[in-house]
Amino acid sequence: HVLVQRRNGAPRCVACQMCATVCPASCITIEAEESDDPIIQKRPKVFNIDISRCIFCGFCVEACPVDAIRMLPTTEKLVGYNRFKMVYDRDTLLSWNPVVNDDVVHGYNP
């Protein structure tokens, strides 16, 4: 899992809770806060994914209306000896810097 960034480095996520709602394993936790950008109403203050509980179904990717979350075929640190270290926070999910196209949603770059 990775969170896609905007051009300015901010997460593309608008904290709509769609991914957390559709997740059958209930492994996504989001807390919203107001955004500094007047065009965007909310952004995630907390965005955690418990990888030890995730079943990798991809429902979160399909449910996201702004293409903010993706699953990559090559992900580092997917296994571990301590499951408490397998809860990835917003900064960890943003640090993988996926190479993505800006026009993924019919030319719309949120």
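Trainee: How far is the sulfur of Cys54 from the closest cysteine sulfur, and which residue holds that one?

Mentor: The closest cysteine sulfur to that of Cys54 belongs to Cys27, 4.4 Å away, which is too far for a bond. Keep in mind that this is a predicted model. The general idea: a disulfide is a covalent bond between the sulfur atoms of two cysteines. The cut-off used here is 2.5 Å.

Trainee: How many disulfides does a search of the whole structure find?

Mentor: The search comes back with 0 disulfides. Cys23 is in none either: its nearest cysteine sulfur, again that of Cys27, lies 3.6 Å away.

Trainee: Are Cys23 and Cys54 buried or exposed?

Mentor: For that you look at relative accessible area, and anything under 20% counts as buried. Cys23 comes in at 12%, so it is buried. Cys54, at 14%, is buried as well.

Trainee: Let me zoom out. How many helices and strands does the protein have, and in which pattern do they follow along the sequence?

Mentor: You'll find 3 helices and 5 strands. Going along the sequence, they read β-α-β-β-α-β-β-α. Of the 110 residues, 35% count as buried. If you take contacts between residues at least 6 apart in sequence, 61% of them join residues at least 24 apart.

Trainee: Where is Asp67, and which side chain does it contact?

Mentor: Asp67 is in the loop between helix H2 (59–63) and strand E4 (69–70). Its relative accessibility is 15%, so it counts as buried. Its side chain makes a polar contact of 2.3 Å with that of Arg70.

Trainee: And the rings: how many aromatic pairs are there, and which ring does the charged end of Arg83 sit over?

Mentor: The count of aromatic pairs is 0. The charged end of Arg83, however, sits over the ring of Phe84, 5.7 Å from the ring centre.

Note on methods
Residues numbered from 1 in each chain as written. Predicted model: local features only at pLDDT ≥ 70, side-chain atom pairs only at ≥ 80, totals over all residues. Heavy atoms only, no water. Buried < 20%, exposed > 50% of the residue type's maximum accessible area, 1.4 Å probe, protein only. Phe/Tyr/Trp six-rings, centres within 6.5 Å; stacked < 30°, edge-to-face > 60°. Lys NZ or Arg CZ within 6 Å of the ring centre and 35° of its normal. Helix = DSSP H or I, 4+ residues; strand = E, 2+ residues; numbered from the N terminus. Polar contact = N/O pair within 3.5 Å; in protein donor to acceptor, adjacent residues only side chain to side chain. Contact = heavy atoms within 4.5 Å.
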